[in-house]
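Please view the sequence and the structure before reading on.

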Amino acid sequence: MPALAVDATAPVAPHAFASCDAAHFPAPLLGPAAVADSKPEAAAWSADLSAALYNVDGWGAPYFFVNDDGDVAVRPHGAATLPGQEIDLAKVVAKAAGPRAAGGLGLPLPLLVRFPDVLRHRVEALNAAFDYAVRSTGYGARYQGVYPVKCNQDRYVVEDIVEFGAPFRFGLEAGSKPELLLAMSCLAARGNPDALLVCNGYKDDGYVSLALMARTMGLDTVIVLEQEEELDIVVEASRRLGVRPVVGMRAKLRTKHAGHFGSTSGEKGKFGLNAAQILSVVAKLKAIGMLDCLQLLHFHIGSQIPTTALLSDGVGEAAQIYCELARLGAAMRVIDVGGGLGIDYDGSHSAQTDMSVAYSLEEYAAAVVAAVGRVCDRKGVPHPIICSESGRALVSHHSVLVFEAFSASAPGHIDAATAYLLEDLTDDCRADYRNLMAAAVRGDYETCALYADQLKRRCAEQFKEGVLGLEHLAAVDGLCEIVARGMGAAEAPRTYHINLSVFTSLPDMWAIGQQFPIIPIQRLRERPAIDGVLSDLTCDSDGKVDQFIGGRHSLPLHELPGHGARGYYLGMFLGGAYQEALGGLHNLFGGPSVVRVSQSDGPHCFAVTRAAAGPSCADVLRAMQHEPEVMFEVLKQRTDGATAAALARAFGAMPYLVFDPEAAVMSSGESSGMSSDSEGSAAGAAEEDDDEWEFMRGLTV
């Protein structure tokens, strides 16, 4: 037993911890740090302090900032956005999720908010950066990029990029047959006739035949060989269809970066041809009189290239291969530098982690143009068209995922009723308790901590033996937590429960440890004084977020609204690439509701131009080969008409929690293909909701 022990029978204030929390703890135990923390703040909090705390200007510029109302706001045109054009994200959520009676759309959360104006600005900024680099260096050709649709295959995202990129001859890249079909359709409908359609990925006869058909439709399609064996498929299909192909090759470079995203590059990379295979393809093409079909060289250093030094090294190596192919007689015209243009997720503008990059968009473009031009000039080869597949950089900023924290764990405390139980402990536990109190009065924090730990362990053992009750265990746990806080120990982060599935909406966080900026979207004029971690709805211990940008293991948050009030909303930013396609259906939670928001001249500076509720319970059940209509009929046989109507609405509702009764009705409004066959107001209301929701889905505000 530690020194300075006191006898269990010694007198002590009978209820020293009655109705006690850290604020009421004896001053000697609080210690200097804890006493200071208990004082009112000397200075008022502000929106600017919140912006600095969350480093919004670091990762959010030029699109996201904290406005004077303490809300996250969007500059849809980047730095060119005028003061009257800024969009308050909290007002967008109020419009989308608010009740219809108050002018809202009644959409259930979580909510994905798309900003096509931001997407337009990204397309224009990328092309402007390369255009400036070309003009400022006297480069002898142009930049002509493509969007890799794997980053986000959403119809409206792809269509927007093709439309916004048409003045720049901007094209698309596909990596599978369905991606090729959507790319062909989109480019044929609204693309620039000179836009490239780059066909990557492993290929069979069906894939190659589709690509050749695209050429007959007037699309500038390039079939990129990922393996040497694919050349035979291309040659055979071209002869059968009577279409002369345009072929590219993916080179496997020696240049490699060491981060997570560099694992697909270098000599051991998943894709591409090595030097011997490149020469073999050239020889085969020359032998059959098709060497003029080889016109493009493609390579990929890896996503999130950290520095322009590494970028220049890799592009220089590829430019050497390009020049060698030209020397061997190929009709080379395009060098495709692939992806790799990175995003500064944490705002650090550094090369130390996969979450940031140490260059700007303009510096990236300048490095690529300079490296290609330098090698070609040295070799006396005409400058090629420069193509890039910068998907992450194009779409990451254009959407924000908004979700609600609906409850949080509470800090430990001892109420008056529970505090009396401390006097009912066994003699040895009561001795530890009184020794703890004596150490607290003396200000002996080390001894106090020893007795607190000993008391907790002893009580846990006696609880397992049935000597103490659950009430005693709770009282001791609360006491020990208060002791720890009183001695200045860091309070463990509170758990905030969020109406979201990490596996569905943030799959990269769970799968590869990717970090995205997550912050409250309002109340940023208030100090976020609580450290919290996020726990999702799924029945899985991995369904949590406890790693945040900046190396933090918790996120500064506010107290949730009082009992009966709702509406503590968080936003996940820079997640517009990959997350939607990679998301799964763990626990059968589907995707979020979606709104498309454009800048307008109205009173709130925005208009919702498209709105759709997320997948219903019936939708996610169908995805797993269940038949909701049959399931409903089986259940309907066991209930009455009113319950059957409720069952029908349940099949049509989103899987997420709904706290607003009107939102519950709205989320079930999208037809599930089921009817309760019940008479009266319940069935009539369901039919009315279906009609109103179908009308709203086509609404343009």
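This is a predicted model: local features need pLDDT of at least 70, side-chain atom pairs count only at pLDDT 80 or more; totals for chains, interfaces and linings use all residues.

On the surface, D69 gathers with D48, D57 and D68 in a patch of negative charge.

Salt bridges are a further topic. Their count comes to 30, and the table lists some of them.

| Pair | N to O distance |
|---|---|
| D204 and K177 | 2.9 Å |
| D432 and R458 | 2.7 Å |
| R494 and E559 | 3.1 Å |

D204 and K177 meet through their side chains. D204 lies in the loop between strand 7 (196–199) and helix 8 (205–216), and K177 in helix 7 (residues 177–190), so this pair ties together parts that are 27 residues apart in sequence. D204 is partly exposed, at 34% relative accessible area, and K177 is partly exposed, also at 34%.

D432 forms a salt bridge with R458. Because D432 belongs to helix 15 (residues 427–442) and R458 to helix 16 (residues 445–464), the pair ties together parts 26 residues apart in sequence. D432 is buried, at 0% relative accessibility, whereas R458 is partly exposed, at 22%.

The side chains of R494 and E559 also meet in a salt bridge. R494 lies in strand 14 (residues 494–498) and E559 in the loop between strand 18 (555–557) and strand 19 (569–572), so the parts tied together are 65 residues apart in sequence. R494 is buried, at 13%, while E559 is partly exposed, at 44%.

Methods: Residues are numbered from 1 along each chain as its sequence is written. Side-chain values use heavy atoms; hydrogens and water are left out. Patches are made of residues with over 30% relative accessible area and no salt bridge: like charges are joined within 9 Å, nonpolar side chains (Val, Leu, Ile, Met, Phe, Trp, Tyr) within 5 Å. Accessible areas come from the Shrake-Rupley method with a 1.4 Å probe; for residues, only the protein chains shown count as cover. A salt bridge is a side-chain nitrogen of Lys or Arg within 4 Å of a carboxyl oxygen of Asp or Glu. Lys and Arg count as positive and Asp and Glu as negative; His and the chain ends are not counted. The place of a charge is taken as NZ of Lys, CZ of Arg, CG of Asp or CD of Glu. Helices (H or I, at least four residues) and strands (E, at least two) are DSSP runs, numbered from the N terminus. Buried means under 20% relative accessible area, exposed over 50%, partly exposed in between (1.4 Å probe, protein chains only).
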